[in-house]
Amino acid sequence: MRSAVLAALVSTSLLVLGAAPGGDPPLPARMADTGGGSQLITAVAAKTGSTSGTVTWWDRRDGRWLKAGSAKARFGANGLVEGSSRRQGTNTTPTGLYDLPYAFGIKTAPGGTTYKYRPVRQNSWWCQDNDSRSYNRWVEPRPAHCAAAEAERLISYGTQYAYAMVVGFNYAEPVRGRGAGIFLHVDGRGATAGCVSVPADAMRRILRWAEPGKKPHLAIGTVSGRTAITRY
């Protein structure tokens, strides 16, 4: 009985980490889409109600996906939900495949970073005001049409936004009420308000690894079900 339980635990761990049992191809090779580039970050949770999981970053070389690194991850306090149906203020992480427009941080970019990296200043804000024409955008300074109560002053999050990357969820053509300010950032004290977070060292490693010319994307999903990461 103990052997059966152990085998099940190992199998689940392998799926979450992307190393499928039985010699199956690596996780990116089993996905419907990887964004068309040669770098990919996967963020996988066991189920939609999970608040933790694994982030893995991958390189495609000579037609094969190879794991470059991995770390424990945290998700929204209310778990994960299909990105196309997500609602703002629900503390859920949107599943799907997203580009990574640029990185930013309160701290200086780690040595070797080639990704576009925007420094956070005292008057740097992220507008989440549904009535503002700057909805889901960095504003500096905060304009009058973006209410302070409906925006994040980035420098106030010294731990989380020490290093971060903007996730392209609801970004190119924002839909009001779907959500704003979804990032890949450094862990805080617990689950997130909808972002994906990793330890600070992992975030530094990702920033050194990411190359804009390789078009890295972030795929967020679960091991199985309607929000399975392999569906994106």
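Okay, some ground rules. What we have is a predicted model, in which local features need pLDDT of at least 70 and side-chain atom pairs count only at pLDDT 80 or more, while totals for chains, interfaces and linings use all residues. Residues are numbered from 1 along each chain as its sequence is written, and side-chain values use heavy atoms, with hydrogens and water left out.

Let's start inside. When I say nonpolar core, I mean a set of buried Ala, Val, Leu, Ile, Met, Phe, Trp, Tyr and Cys residues joined through side-chain atoms within 4.5 Å. Buried is under 20% relative accessible area, exposed is over 50%, and partly exposed is in between, with a 1.4 Å probe and protein chains only. The largest such core here has 32 residues, and the ones with the most contacts inside it are Ile-41, Val-55, Met-165, Leu-184, Met-203 and Ile-206. Which elements give two or more residues to this core? They are strands S1 (39-45), S2 (52-61), S3 (64-74), S12 (183-186), S13 (196-198) and S14 (217-222), plus helix H2 (200-209). H2 gives the most, with 5 residues. By the way, helices (H or I, at least four residues) and strands (E, at least two) are DSSP runs, numbered from the N terminus.

Take Met-203 and look around. Leaving out residues up to four places away in sequence, Met-203 touches Tyr-163, Ala-164, Met-165, Leu-184, His-185, Val-186 and Val-198; contact here means heavy atoms within 4.5 Å. There is also another core lying apart from the largest one, with 14 residues, among them Trp-138, Val-166, Ala-180 and Cys-195.

Val-166 has Phe-183 in S12 as its bridge partner. On the other hand, S12 runs parallel to S13, again with 3 bridges, and there Leu-184 stands opposite Val-196.

Is His-185 buried or exposed? It counts as buried, because its relative accessibility is 5%. Beyond four places in sequence, the contacts of His-185 include Gln-160, Tyr-161, Thr-192, Cys-195, Ser-197 and Met-203.

Cys-195 and Thr-192 come up again in the largest pocket. A pocket, on a 1 Å grid over the protein atoms alone, is an open set of points where a 1.4 Å probe fits, with protein on both sides within 12 Å along at least five of seven lines, and lining residues have an atom within 4 Å of a point. The largest pocket holds about 370 Å³ of space. It is lined by 23 residues, and the closest to its centre are Glu-152, Thr-192, Ala-193, Gly-194 and Cys-195. The lining splits into 7 nonpolar, 13 polar and 3 charged residues.

Next up, the hairpin. S2 and S3 run antiparallel, joined by 10 bridges, and Trp-57 is paired with Gly-69 in S3. There are 2 residues between these strands, and Asp-62 in the turn has a positive phi of about 50°.

A few loops to finish. Where do you find a cis peptide bond? The one from Glu-140 to Pro-141 is cis, with omega near 0°, and Pro-141 is in the loop between S9 (137-139) and S10 (151-153).

Asn-91 is not a glycine, yet has a positive phi of about 55°. You'll find Asn-91 in the loop between S4 (80-82) and S5 (93-99), and it counts as partly exposed because its relative accessibility is 30%.

Lys-215, also not a glycine, has a positive phi of about 50°. Lys-215 lies in the loop between H2 and S14 and counts as exposed, because its relative accessibility is 52%. Setting aside neighbours within four places in sequence, Lys-215 is in contact with Gly-37 and Gln-39.

Last one: Ala-29 is in the loop between H1 (2-17) and S1. With 44% relative accessibility, Ala-29 counts as partly exposed. Its C-alpha atom is separated by 9.7 Å from that of Arg-60, which is 31 residues apart along the chain.

Notes:
Pairing = 2+ DSSP bridges. Points joined across faces, edges and corners; volume = space filled by probe spheres on them. Nonpolar A, V, L, I, M, F, W, Y, C, P; charged D, E, K, R; others polar.
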